Amino acid sequence: QVQLVESGGGLVQAGGSLRLSCVASGRMLSINEMGWYRQAPGLQRELVATITNRGTLNYSHSVKGRATISRDNAKNTVHLQMNSLQTKDTAVYYCRAEASVMSWGRVRENECWGKGTKVTVSS
């Protein structure tokens with residue numbers, strides 16, 4: 001019902017910057033929290049940053065001070081600006097959203113994931 005499409009990944013040199021975007025579409029009543037997670041090869045998926053529909057922010061310790069998450073509620077879009085990129089930031093970055101949808105006459109909360117966008121930071 002809800003689709004998330006990420007964009008903005010690619011190859012960047014260490015010390016550079018990148019801006020990721022994610023657009024949510026589909027039949028949803030509202031989107032509560034949106035965020036970014038990442039998964040490096042051989043590791044578990046981990047939180048990068050989240051933002052609620054009221055603007056409450058949460059960053060992982062590993063990106064705090066280097067990342068800025070922002071959101072356009074009217075466009076169902078979330079962005080992640082990352083600066084001072086390091087090789088350890090190399091990963092597939094996934095967009096996640098908590099969406100309220102109508103299902104069988106009831107409002108339900110759905111967890112939605114995008115397919116991911118790859119970020120490679122070279123030394």
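**Close-up 1. Strand 9 meets strand 11 in this predicted model.** Let's start with two strands lying side by side. Strand 9 and strand 11 run antiparallel, and three bridges join them. To find one of these links, look for Val 92: its bridge partner in strand 11 is Lys 118.

**Close-up 2. Strand 11 also pairs with strand 2.** Here the sense is parallel, with four bridges between strand 11 and strand 2, which covers residues 10-13. A handy place to look is Val 12, whose bridge partner in strand 11 is Val 121.

**Close-up 3. The two faces of strand 11.** Which residues of strand 11 make up its covered face, and which its uncovered one? Thr 117, Val 119 and Val 121 form the covered face. Lys 118, Thr 120 and Ser 122 form the uncovered face.

**Close-up 4. The largest nonpolar core.** In soluble globular proteins, nonpolar side chains tend to be buried together. In this model, the largest nonpolar core has 32 residues. Those with the most contacts inside this core are Leu 4, Trp 36, Ile 69, Val 78, Leu 80 and Tyr 93. Several strands give two or more residues to the core, among them strand 1 (2-7), strand 4 (30-39), strand 8 (77-82) and strand 11 (117-122). Which strand gives the largest share? That is strand 9, with six residues.

**Close-up 5. The surroundings of Val 78.** Now zoom in on one residue of the core. Leaving aside neighbours within four places in sequence, Val 78 is in contact with residues including Leu 20, Met 34, Trp 36, Ile 51 and Ile 69.

**Close-up 6. Tyr 37 and Trp 113, the one aromatic pair in the structure.** The two rings are arranged edge-to-face, 5.1 Å centre to centre, with 65 degrees between the planes. Tyr 37 lies in strand 4 and Trp 113 in strand 10 (residues 106-113), so the pair ties together parts that are 76 residues apart in sequence. Are these two residues buried or partly exposed? Tyr 37 counts as buried at 16% relative accessibility, whereas Trp 113, at 32%, counts as partly exposed.

**Close-up 7. Arg 45 sits over the rings of Tyr 94 and Trp 113.** The charged end of Arg 45 is 3.7 Å from the centre of the Tyr 94 ring. For the ring of Trp 113, the distance from its centre is 4.6 Å. Trp 113 is also the partner of Tyr 37 in the aromatic pair.

How values were computed:
Residues are numbered from 1 along each chain as its sequence is written. This is a predicted model: local features need pLDDT of at least 70, side-chain atom pairs count only at pLDDT 80 or more; totals for chains, interfaces and linings use all residues. Side-chain values use heavy atoms; hydrogens and water are left out. A nonpolar core is a set of buried Ala, Val, Leu, Ile, Met, Phe, Trp, Tyr and Cys residues joined through side-chain atoms within 4.5 Å. Buried means under 20% relative accessible area, exposed over 50%, partly exposed in between (1.4 Å probe, protein chains only). Contact means heavy atoms within 4.5 Å. Two strands pair if DSSP finds at least two bridges between them. Rings of Phe, Tyr and Trp (its six-membered ring) pair if their centres lie within 6.5 Å; planes under 30 degrees apart count as stacked, over 60 as edge-to-face and the rest as tilted. A charge sits over a ring if NZ of Lys or CZ of Arg is within 6 Å of the ring centre and within 35 degrees of the ring normal.
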